[in-house]
Amino acid sequence: MRFRLACAVATSMLLAGCVADDVGPINVFTPEAGRPSPAFIPDPGDDGSTVLGLAFSGGGTRAAAFSYGVLRALDDIVIDEQPRRRTLVDDIRMISGASGGAVTAAYFGYKGEDGYRDFRERFLIQNAEADLRTRLSPFNLVRAYYGGVNDRSGFAKWLNDNLFDDATFEAFAKPDRPIIWINASDIYNRTPFLFSYDTFAALCSDLDKMRLADAVAASAAVPVVFAPIVVSATSPDCGYRRPQWLSRALADHNASIRLKAYASALDSYQNADPLDYVKLLDGGLTDNLGVTGFTLERSAAGTPYGPLSPAAAVRLRTLLFIVADAGADNDVSWAKSIHGPRLSELLAVTSTTMAAAVRDEADALKLAVSQWRGELVRYRCALPTSTVAAYRGSTAGWDCRDVELVVQYLSFADLDQATQAKLNAVPTRLKLPVDQVDLTIAAGREALLVNTDITKAVAAIRARAGVTPGAQLAAAQAN
């Protein structure tokens with residue numbers, strides 16, 4: 001028996017060298033460096049008084065369903081009736097996503113506010129594991145040893161064929177779309193990897209040619225289960241020039257540690273001789289809440305108003321940033337026994353480290369936004385009335401201090417204990433039973449609608465627009 005097993009393993013190892021796995025690279029070099037990231041997030045198409053930002057956590061289909069439930073709740077909250085009916089979804093200007101949350105974020109960016117609603121049918125209740133290698137076999141053990149069981153022919157291909165229709169990042173470049181930040185993890189530099197124009201300019205590549213499916217698959221590439229997604233970084237001469245924020249971050253000893261680390265990573269793509277390939281894994285390894293996009297943009301802005309434009313910063317009355325975290329509590333029944341944890345339980349315990357990081361990320365985001373409000377107020381109050389009138393159309397009703405920045409963290413803990421227990425039993429998979437999908441969608445909706453701070457912010461937004469207090473929110477809660 002042992003001899004046969006040894007022979008099987010040896011044969012698998014020999015065969016592994018003959019298998020041409022689809023591991024990339026996913027980028028294509030361009031003769032000239034791609035354009036830099038936009039200086040500001042897109043301005044809203046209305047009066048600009050409300051700006052909504054979202055961050056969607058990792059957690060497989062569970063996270064995708066929870067974030068989709070949040071979107072549907074936002075879509076039911078009407079905040080204006082004139083000159084047209086608008087819901088909170090119309091004011092989404094930025095979405096950041098990691099792992100499972102990246103699927104929802106990317107699909108919203110691809111389809112827009114009027115086309116994303118079929119996400120349940122196209123992804124959540126489908127079998128996204130259909131093309132994955134899931135069988136325990138010597139051959140797959142060898143694949144795992146050499147980097148990961150599944151390559152791009154699995155999840156990335158499924159996403160491309162069934163959800164994103166061969167679309168690239170160019171699909172995001174439409175006037176009505178928010179900025180979308182997809183987060184993976186650069187395991188060489190041990191930093192978040194942001195699919196942004198600045199990142200791909202440093203790689204002498206064009207982000208617009210990057211398939212959405214490959215970016216999302218990189219964000220969801222759980223170690224061992226998936227081989228790293230590969231980006232080539234052989235640094236051809238494409239005339240790349242560091243953006244100002246990057247040079248400033250590298251030179252400033254007092255710069256944000258997160259920003260400096262990211263700047264160093266981008267610099268390594270051009271200047272590190274040993275680095276021929278960037279290997280990407282699950283975005284949750286470095287940022288499971290998906291807040292990297294916003295925090296880096298704010299840190300890199302170098303202005304009191306960025307990532308808003310100067311005009312948007314003046315028109316702003318309420319900025320609402322919602323973090324949807326679909327992390328589940330683990331069963332620690334082994335803690336009641338002298339024995340254990342077993343191997344499977346021990347692997348689950350590693351999520352404790354991730355949970356601690358999530359708390360740190362949420363606190364850091366709240367602190368950054370709090371400090372940003374102070375800078376915004378000082379900027380607005382220092383402006384001459386002529387500039388205010390140019391940005392707003394008039395100075396009527398102008399109060400430079402009348403700006404509210406609200407950060408709210410939504411999770412399973414916002415719900416009753418019975419519902420929490422059911423949600424914690426939902427596994428981190430890419431295939432879930434329909435009842436678990438619908439349970440998690442409903443949880444995302446309820447977590448938003450029961451949040452009192454969001455309710456207060458919505459009431460203030462609607463009061464400015466003259467919407468009847470309570471009527472539309474009550475309708476949303478009824479749905």
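**Reading helix packing and open space**

Q: How close do the axes of helix α3 (residues 100-111) and helix α8 (residues 212-219) come, and at what angle do they cross?

A: Two packed helices are described by the angle between their axes and the distance between the axes. Here the axes of α3 and α8 come within 9 Å and cross at roughly 160 degrees. Axes are lines fitted to C-alpha atoms, for helices over the stretch in contact, with angles from 0 to 180 degrees between N-to-C directions. Helices (H or I, at least four residues) and strands (E, at least two) are DSSP runs numbered from the N terminus. Bear in mind that this is a predicted model, where local features need pLDDT of at least 70 and side-chain atom pairs count only at pLDDT 80 or more, while totals for chains, interfaces and linings use all residues. Residues are numbered from 1 along each chain as its sequence is written, and side-chain values use heavy atoms, with hydrogens and water left out.

Q: Which residues of α3 and α8 meet?

A: From α3 come Ala102, Val103, Ala106 and Tyr110, and they meet Leu212, Val216 and Ser219 of α8 (contact means heavy atoms within 4.5 Å). By class, that contact has six nonpolar, one polar and no charged residues (Ala, Val, Leu, Ile, Met, Phe, Trp, Tyr, Cys and Pro count as nonpolar, Asp, Glu, Lys and Arg as charged, the others, Gly among them, as polar).

Q: And at what angle do the axes of α3 and helix α6 (residues 155-164) cross?

A: Roughly 40 degrees, with the axes of α3 and α6 coming within 12 Å. That makes α3 oblique to α6. Again α3 passes in a right-handed crossing, this time with α6. Val103, Ala106, Tyr107 and Tyr110 of α3 touch Leu159, Leu163 and Phe164 of α6. That contact has seven nonpolar, no polar and no charged residues.

Q: How are α10 and α11 arranged?

A: Their axes come within 9 Å and cross at roughly 95 degrees. α10 and α11 are therefore roughly perpendicular to each other. Arg258, Leu259 and Tyr262 of α10 make the contact with Thr292, Thr295, Leu296, Ser299 and Ala300 of α11.

Q: What is the volume of the second largest pocket?

A: About 420 Å³. Of its 22 lining residues, Pro38, Ala39, Trp245, Glu297 and Ala300 are the closest to the centre. α11 gives the largest share of the lining, four residues. By class, the lining has 14 nonpolar, five polar and three charged residues.

Q: Which backbone feature marks serine 99, and where is serine 99 found?

A: Serine 99 has a positive phi of about 55 degrees, although it is not a glycine. Serine 99 sits in the loop between β4 (92-98) and α3.

Q: Is the peptide bond from glycine 306 to proline 307 cis or trans?

A: That bond is cis, with omega near 10 degrees. Proline 307 lies in the loop between α11 and α12 (310-315).

Methods
1 Å grid on protein atoms, 1.4 Å probe; cavity = no way out; pocket = protein on both sides within 12 Å on 5 of 7 lines; lining within 4 Å. Points joined across faces, edges and corners; volume = space filled by probe spheres on them. Parallel < 35°, antiparallel > 145°, perpendicular 65-115°, else oblique. Left-handed = near helix turned anticlockwise from the far one by under 90°.
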